[in-house]
Amino acid sequence: MFRADTDTLVRLLPFPELIKALAAAFVAGANVPLRHSHIIESGTDTGTSLLMPAWDAEGYYGVKIVNIFPGNRAKGLPGLHSTYTLFDARTGAPLALLDGDVITSRRTAAAAALGASYLARPDATRLVVVGAGRVGGLVGPAMAAVRELDDIAVWDIDPDASQRCAQRWRESGLPARAVEQLEPAVREADIVSCATLASQPIIKPEWLAAGSHLDLIGSFTPAMAEAEPACFAQADVWVDTEEALMKSGDLLNAIAAGRWRADALIGNLTQLCRGQIKGRSNDQQRTIFKAVGTALEDLGAAKLAYLGLKNA
Ligand SMILES: NC(=O)c1ccc[n+]([C@@H]2O[C@H](COP(=O)([O-])OP(=O)(O)OC[C@H]3O[C@@H](n4cnc5c(N)ncnc54)[C@H](O)[C@@H]3O)[C@@H](O)[C@H]2O)c1
């Protein structure tokens with residue numbers, strides 16, 4: 001069985017290849033059962049363990065296990081640990097044990113870029129990233145794999161985090177800058193991508209330019225939201241999977257406020273990748289892509305890493 005350390009795994013998942021691998025995974029499809037969630041109690045310690053399986057017709061089966069233990073902070077440990085195990089779906093034999101955090105953060109940024117490849121204007125050059133954490137910190141390079149960006153602004157509620165992120169991106173050759181004021185950066189942007197833990201909306205509709213693309217990564221529970229409900233009025237909306245309609249506060253708030261209706265959803269990433277529906281159709285249209293993630297993306301990323309390890 002292969003094992004890859006964090007740096008090796010990052011090298012095995014470059015964004016141009018990872019975005020292609022995810023597109024292929026959406027075209028091929030996979031079995032993705034509902035994730036399991038278990039409360040793990042041991043003495044006075046309590047955590048949540050999420051199990052996310054997926055398997056495909058090509059012979060791959062993988063399970064991501066995400067353990068969230070809020071008490072770890074007091075112990076000086078990360079609150080979240082995650083592993084991905086890839087198996088041969090025909091025999092059950094283990095093939096690779098991978099860092100689940102790297103798989104999650106890279107496949108999430110890659111899925112956002114895959115969405116933008118259909119939905120952002122082809123001539124989009126200006127990106128704003130809101131939230132400079134594990135996922136947001138990868139959105140700049142991921143989007144740069146699908147559009148010729150000449151300006152990447154990054155804003156975080158923690159200004160040091162945006163400075164560090166912009167510095168890292170500049171060092172890797174990207175035209176990045178940290179901004180202290182979000183509004184002017186969003187007003188100028190062709191693509192706005194949010195990857196925060198916000199529970200109150202950050203993005204206001206009047207900031208979004210005609211023809212802009214709004215990418216929403218963060219909100220995965222009804223209590224979380226990154227965009228005001230009115231952002232959805234007069235926008236065309238796509239999701240990664242329909243699960244977003246049940247989980248995301250962004251969509252649920254917009255529906256509750258009467259600013260958007262679920263039956264106005266244009267479609268999902270599978271339909272876009274299979275060419276069953278159209279992406280952006282003109283330069284003035286405002287587009288929105290809301291993602292909550294799927295184990296199909298984890299499987300697509302893990303397969304790419306495994307093939308890289310096997311063929312090395
Ligand atoms: N859609 C998906 O497939 C998917 C996958 C993984 C993570 N996520 C979600 O993406 C979000 C980011 O994940 P992460 O791993 O990067 O988290 P993280 O904790 O590493 O980073 C979050 C960043 O957002 C910033 N932030 C928090 N609240 C903010 C606010 N109100 N305004 C601006 N910045 C704020 C923090 O300072 C931090 O820098 C989370 O909500 C996570 O659940 C989504």
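This text walks through one chain, from its overall build down to single residues.

The model is predicted, so local features need pLDDT of at least 70 and side-chain atom pairs count only at pLDDT 80 or more, while totals for chains, interfaces and linings use all residues. Residues are numbered from 1 along each chain as its sequence is written, and side-chain values use heavy atoms, with hydrogens and water left out.

Start with the whole chain. It has 10 helices and 14 strands. Both come from DSSP runs, numbered from the N terminus: helices are H or I with at least four residues, and strands are E with at least two. The radius of gyration of the chain is 19 Å, close to the 20 Å that the globule rule gives for 312 residues, so the chain is as compact as a globular protein of that length. That radius is taken over C-alpha atoms, and the globule rule is 2.2 Å times the number of residues to the power 0.38. Along its principal axes, the C-alpha trace spans about 50 × 45 × 40 Å.

Of the 312 residues, 53% are buried. Buried means under 20% relative accessible area, exposed means over 50%, and partly exposed lies in between (1.4 Å probe, protein chains only). The chain exposes about 14,000 Å², and carbon and sulfur atoms supply 54% of that area. Accessible areas come from the Shrake-Rupley method with a 1.4 Å probe; for residues, only the protein chains shown count as cover.

Next come contacts, meaning heavy atoms within 4.5 Å. Residues 24 or more positions apart account for 68% of them.

Charge is next. The chain has 30 positive and 35 negative side chains. Lys and Arg count as positive, Asp and Glu as negative; His and the chain ends are not counted. The centres of the two sets lie 2 Å apart. Each charge is placed at NZ of Lys, CZ of Arg, CG of Asp or CD of Glu.

The chain is assigned two parts. Domain 1 covers 2-101 + 296-311, and domain 2 covers 104-293. These bounds come from an automatic or database domain assignment. The C-alpha centres of the two domains lie 24 Å apart. Across the boundary, 22 residues of domain 1 are in contact with 23 residues of domain 2.

Now zoom in on single residues. Begin with A54, in strand β3 (residues 45-55). A54 is buried, with a relative accessible area of 0%. Leaving out residues up to four places away in sequence, A54 touches N31, V32, Y60, Y61, G62, A295, L296 and L299. V130 is 76 residues from A54 along the chain, and their C-alpha atoms are separated by 30 Å.

Move on to S105, which is in helix α3 (residues 100-119). S105 counts as buried at 11% relative accessibility. Beyond its neighbours within four places in sequence, S105 is in contact with R134, V135 and L138.

I152 sits in strand β8 (residues 151-155). I152 is buried, at 0% relative accessibility. With neighbours within four places in sequence set aside, the contacts of I152 include L127, V129, G140 and W169. L174, P175, A176 and R177 are also among them. I191 lies 39 residues away along the chain, and its C-alpha atom is 9.5 Å from that of I152.

Which residue has a positive phi although it is not a glycine? Q234 does, with a phi of about 60 degrees. Most residues other than glycine have a negative phi. Q234 is in the loop between β11 (213-216) and β12 (235-239). At 78% relative accessibility, Q234 counts as exposed.

Two further residues remain. N268 is in strand β13 (residues 267-268), and at 11% relative accessibility N268 counts as buried. Not counting residues up to four places away in sequence, N268 touches V239, D240, T241, E242 and I277.

Q285 lies in the loop between α9 (269-273) and β14 (286-290). Is Q285 buried or exposed? Q285 counts as buried, at 10% relative accessibility. Residues up to four places away aside, Q285 touches G211, S212, D236, W238 and R280. M246 is 39 residues from Q285 along the chain, and their C-alpha atoms are separated by 25 Å.
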